[in-house]
Amino acid sequence: MRLIHTGDWHLGKTLMHNSLLEDQDYLLNGEFLKLADELNPDAIIIAGDIYDRGVPPVDAVNLFDEIIFKLNEKKIPILCISGNHDSASRLNFAGRILARENFFIITKPEKNPSPIVLRDEFGEVYFSLVPYFEPPAIREKFFHDEPERRLTGDEAIKIYLTESRKKIPDGKRSVAVAHLFAAGGITSESERTFVGGAENIGAENFSAYTYTALGHLHKPQNMAKSNGYFVRYSGSPLKYSFDEATHEKGITFVEMDGDGKISAENIKLTPRRDVRIVEGTVDELCDGERSDDYIFANITNENHVLYAADRLRENVFPNLAGIKFTNLEREPENFSEISAPKENTSMLEHFADFFKYETQEELTGDYRKAMENFLREIERRESF
């Protein structure tokens, strides 16, 4: 059986106030659909966090609808779960009707979870869809008469997987799809931290499954691999924070033979715009090659450079997301703690001290004149 494992699309996400919807549209409608044609999978797995927030923008919903429609036209079964960013209730709309069209979506834990059964030339493969949930959801489902009972995330997963496997015959190939934080996983800044006991799920909980397709962590990574089972994060298809700049994003292509032997390959997707970190002085960077990538610039000037971000945006990086002056030495104290207004010191001079603290430069010329005019106007209005 051939599977495309993806997840963490986060449709509607922004990167430091830059909307990524055009980039998501470009990638999903482009290389992703092309791969679906080339690889000819028996199913596509989407392991949660379809949207970036519970109430996504209309354009994000329309994009998801478009991609699912095009995949359905290709007659490819889709197995989908909700993640911690999704609204389980909204995402579940029309789920039972969509199942008739081979789009299977599970957003809440079920009392008697049933596997989805697909077939290849070797027989049946059983899929358990395990959406993101908090441990209290499992207590309410299975221990509603024990309101004082407390479960860790690890205990809750064990219970739900035990229930999920009751309808899977012994010896059959099986796949779990889950959205969670597996213990030991490499995290990224763009992931939302779980609260309470939902973190640190042991990958060994999935040892009964031939392959486990995980979502939540954005770096592609294997969590467990042995002769009996294989647990993996596909990662997100795009870079969603600058600490992901070195990640090789894409999808995981999984092949499973009749004996349950697994091969899993990360297939890179090329985005419309990359996410990169650059370094140099303002002049050095301005003399470089123009790029539409999303850029964070580490500025190496020894002194603060006024309008550095504006210069970089105008000359080379129109999608500059942020800058940092890496060589400026700054006292650790807050300015208000080390420089309270002195007696008989004008507001202009106090501001000049603050300006020097922030920029390492004296307040002179047009900047000083502009502040003088500003303070004079304030005094005039206060006199009315």
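Visitor: Against which helix and which strands do the buried residues of helix 2 pack?

Guide: Helices (H or I, at least four residues) and strands (E, at least two) are DSSP runs, numbered from the N terminus. Contact means heavy atoms within 4.5 Å. The partners of the buried residues of helix 2 are helix 1 (21-39), strand 4 (43-47), strand 5 (78-81) and strand 6 (103-106).

Visitor: What kind of model is this, and which residues does it leave out of local features?

Guide: This is a predicted model with residues numbered from 1 along each chain as its sequence is written, and side-chain values use heavy atoms, without hydrogens or water. Totals for chains, interfaces and linings use all residues, side-chain atom pairs count only at pLDDT 80 or more, and local features need pLDDT of at least 70.

Visitor: Which residues of helix 2 are buried?

Guide: A residue is buried under 20% relative accessible area, exposed over 50% and partly exposed in between (1.4 Å probe, protein chains only). By this rule, the buried residues of helix 2 are A60, L63, F64, I67, I68 and L71.

Visitor: Within what arc do the buried residues of helix 2 fall?

Guide: An α-helix has 3.6 residues a turn, so residues three or four places apart point the same way. The arc is taken over the directions from the helix axis to the C-beta atoms. Seen down the axis, the buried residues of helix 2 line one face of the helix, because they fall within an arc of 125°.

Visitor: Which residues are exposed on the other side of helix 2?

Guide: One face of helix 2 is lined by its buried residues. On the other side, the exposed residues are V58, D59, D65 and E73.

Visitor: Which element gives the most to the lining of the largest pocket?

Guide: A pocket is an open set of points on a 1 Å grid with protein on both sides within 12 Å along at least five of seven lines, and lining residues have an atom within 4 Å of a point. The largest pocket has 19 lining residues, and F64, D65, F93, L98 and F103 lie nearest its centre. At least two lining residues come from each of helix 2, helix 3 (88-91) and strand 6. With six residues, the element that gives the most is helix 2.

Visitor: Which element supplies the largest share of the lining of the second largest pocket?

Guide: The second largest pocket has a lining of 14 residues, of which N92, G95, R96, I105 and I106 lie nearest its centre. Helix 4 (95-98) and strand 6 are the elements that give two or more residues to this lining. The largest share, four residues, comes from strand 6.

Visitor: Is I159 buried or exposed?

Guide: I159 belongs to helix 6. Its relative accessibility is 18%, and therefore I159 counts as buried.

Visitor: Which residues does I159 touch?

Guide: Residues up to four places away in sequence are not counted here. Beyond them, the residues that I159 touches are I138, F142, F143 and L151.

Visitor: What separates the C-alpha atoms of I159 and G95?

Guide: G95 is one of the residues nearest the centre of the second largest pocket. Along the chain, I159 and G95 are 64 residues apart. Their C-alpha atoms are separated by 24 Å.

Technical notes
1 Å grid on protein atoms, 1.4 Å probe; cavity = no way out; pocket = protein on both sides within 12 Å on 5 of 7 lines; lining within 4 Å.
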